[in-house]
Amino acid sequence: MASRTASKAKGLDSEIYRYRDESNWRKLQETAEQLRQRASAMGNSAHLANLLIGEAKLEMYLEENPPVENNISKARTSLTEAKRYLSDCTKSDAEKSNVATDARFLLAKCCYAQGQYEQALEHLDQVVEKSQGLQGAVVQLTPGGIPAFGGVGGGSTEFRIGILLETALQRAPILMMKSGQIREAVEQYRGVLRAQETTSTQSLRMTLARQLAEVLLRGVSEHEWQQIQPRQQQLERSKAGKYWRPQVYSGGSLYVPREHIEEILLLLALSDAIAVRNVVLDRSADVASDRAQSIKNVTAVLDLLSIALARNAQFGLLCENFEKVAKFSCDEYHIWNQFGLCLISAGSHYRGVQMLLESAKLRPKYGFDLLLAAKVTLVNLCDAPEALRLVEEASSREKVIPDSDILVVCYTLQALCHEALADEAACIRTKEQQRIMAFKALVQARQVDPDYPQAEYLMSLHYANLHQIDAAMVCAKRALCLAPDFFPGVQLLIVLLTAQKKHEEALELVQLTLEEYPNNLNLLYLKVYLEDYLEGPQKALHTAGEMLKQWKVLYENYLKVKQATQANGLAPPAIGTSSQLGIVPVAHAHSGRASVVGSGQWGGGPWHERDGDGDGSLMTRLDRSLSETLARLTPCGRRVHVDELTLLQMQMHVWLLTARLYIKMAHFPEAEQSISEASNVIPLSPHVLLVRGLLHEARGEWLSARDALEGSLAVRPHSVTALQHLGLVYHQLGSHQLAEATLQSAALIEPMSPTTWFYLGRILQESGTPFEASECLETAVQLELCAPVLEFSKLPRTL
């Protein structure tokens, strides 16, 4: 009978330990009630049962009601019974049961939850007094002084630390950071995260890992970061031996981050795994608050992950995380919006636009997502009609919002769409109608915000294309007054000065700007044209050589960064600033013509020529992939991401520019060598075929020139330069009607080019039509009076 009773008691003890480890307080209370009844039947004291019941009631309350100020009044009524059970355990007869100390600690928690802070301190003081007395007795019996408790010796680690300890672990590093101890706060986070994991501490681990990742992102640079030293853990524990330490992971197979970004990504991957697993998938109203909180946790981790991965251009990896989260976040605007931006950054423009359209449905009163989708549709998908439809819908939404910040941007983008449609149109009347609508949209933009520099810049460019130079100069100066670091405005002002035949002033402005940005490639490009016009091609060749030297510096920096990051599987980060790279030219196919705006931030450059083809051939797609622009409409000095293909295309254009200068000087062997260098960089580029055709034309090799120019036009049928020279070649070969038709096509694409009308006049004169020839030559003379050194069509249309 006695053995049976002892086995039952032992069974209750094991159940009590198990329920406490699992934080199953309800079961613990039921078991404690049984223990209390058994103790009463056997005549034993029920202090241990009272302690367990009081603890269970207290912990169940704290799980549902955190000890915050708003819950104090509720705690004073709800914790009365738990406090009574615990108070019974502190009476004099309970001291023999060895539960009084534990009861006082639990009473301190209870008083803290009830807002009775002085009583909580009294109970804690009694606990500390007993622990100090015990410590003194141990010191007297220990020869080496204070013993070093290295950690928990064995036993199960599956326990719940409680709401107060969780709060303390989260608040401690925050208080350290407030006092300026960033490094100590990081070590505090690391110390807690190195502790052995339990099922009940995963939520805390997720929060601490996310907080540490945020601290490393915002408060610790790569140079200040220090690697974790696992071998020093025992030394650290022995130095602080008088404090209890949890068991930590140890062994030779532990992964230790070697770099700043590695630790951040490891922490965020850990947080993301826990947060995604804990998402509440039930969409019923009963768990709506829990679902919202779980989605909020996932969003917080994704935001930090976006910052960390975007810094290293790892948009593909980021897209995988967003795609995983989007499966259970169909109504979360922030996630869908960020997913769309991530897809666009990764190059998946069509999917990115679709995500933005879905996020626009979640916010039907706002037009930002539609505006961004319209921008990507115009720039990257080259679909001007669809972009116009989207931006008009965005404008209609923003019109009803008082003091909308982006309505002016909507009108400006609407103007760009009309300009793109004008470039696509084959009919002159359609071109004029689209340009009139673009002008009206710019006027509306100025009415909404008279101080928007991009609208002033585009208005100036509109006047310049119409050869209204004085009006264009006024708008360009105003754009620069509104934004002095607006670099496309500086380029436009320089070109406008050349249209006013003030080439010396334009060159002086270029040199002054180069003093501030000595390595800017766009300024060097303009300097080549101005020096060629004023001092001849020999002087311009020196500047072209400087461009090659600057490109070499950029490429060497790119290779160094690429080698440094290749071991980690990361893409090369920014290797230059916008003040160095400027806005690099690019030929971008745009359904019959190149995009009127470059990719990136909608820039083109003075090297940019709007031409392309309309049949979507393989060569066109290849040339498009090789010509990703570096354009960044940003303040000078901001670092930009550059790929290797872009740098190679930059090199090709510099070699081709050098070749054209040699052709002008009649140095044909040097020009041939420069063309060969460009061909070695990108052999299939139509730009190479164009310059090779110019070389054959200068040598009088008409058949070879015809083949090269026709090959270039096969890929870019709207290249005005190729059409102009092909017309002359046809004329030399005796195909006068074909030459006239070719030049007329060039005039239809670029009616303001004096070169086209001059060539057409020569051909008509030699064909025996003097009246038409005189009209063409007169038009050429009138256009030449305000012709810039570089066509306005090659300047970027930016937003």
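These are my notebook entries on a few spots I looked up in this predicted model.

**Helix H33**

I began with helix H33, which covers residues 720–732. I wanted to know whether its length agrees with its residue count: at 1.5 Å a residue, the 13 residues should span 18 Å, and the end C-alpha atoms are 19 Å apart, which agrees.

Next I asked how much of H33 is covered, and found 12 of its 13 residues buried.

Just past the end of H33, I stopped at Gly-734, which has a positive phi of about 95°.

**Ser-679**

I then moved to Ser-679, which sits in helix H30 (residues 668–681). Is Ser-679 buried or exposed? Its relative accessibility is 17%, so I put it down as buried, the cut-off being under 20%. Leaving out residues up to four places away in sequence, I found Ser-679 touching Val-688 and Arg-692.

**A nonpolar patch**

My last stop was on the surface, where Phe-105, Leu-121 and Leu-124 make up a nonpolar patch. Together these residues have about 270 Å² of accessible area. I looked up Leu-124 in particular: it belongs to helix H7 (residues 117–141). Leu-124 counts as partly exposed because its relative accessibility is 32%.

Definitions and conventions. Residues are numbered from 1 along each chain as its sequence is written. This is a predicted model: local features need pLDDT of at least 70, side-chain atom pairs count only at pLDDT 80 or more; totals for chains, interfaces and linings use all residues. Side-chain values use heavy atoms; hydrogens and water are left out. Helices (H or I, at least four residues) and strands (E, at least two) are DSSP runs, numbered from the N terminus. The expected span of a helix is 1.5 Å times one less than its number of residues. Buried means under 20% relative accessible area, exposed over 50%, partly exposed in between (1.4 Å probe, protein chains only). Contact means heavy atoms within 4.5 Å. Patches are made of residues with over 30% relative accessible area and no salt bridge: like charges are joined within 9 Å, nonpolar side chains (Val, Leu, Ile, Met, Phe, Trp, Tyr) within 5 Å. Accessible areas come from the Shrake-Rupley method with a 1.4 Å probe; for residues, only the protein chains shown count as cover. A salt bridge is a side-chain nitrogen of Lys or Arg within 4 Å of a carboxyl oxygen of Asp or Glu.
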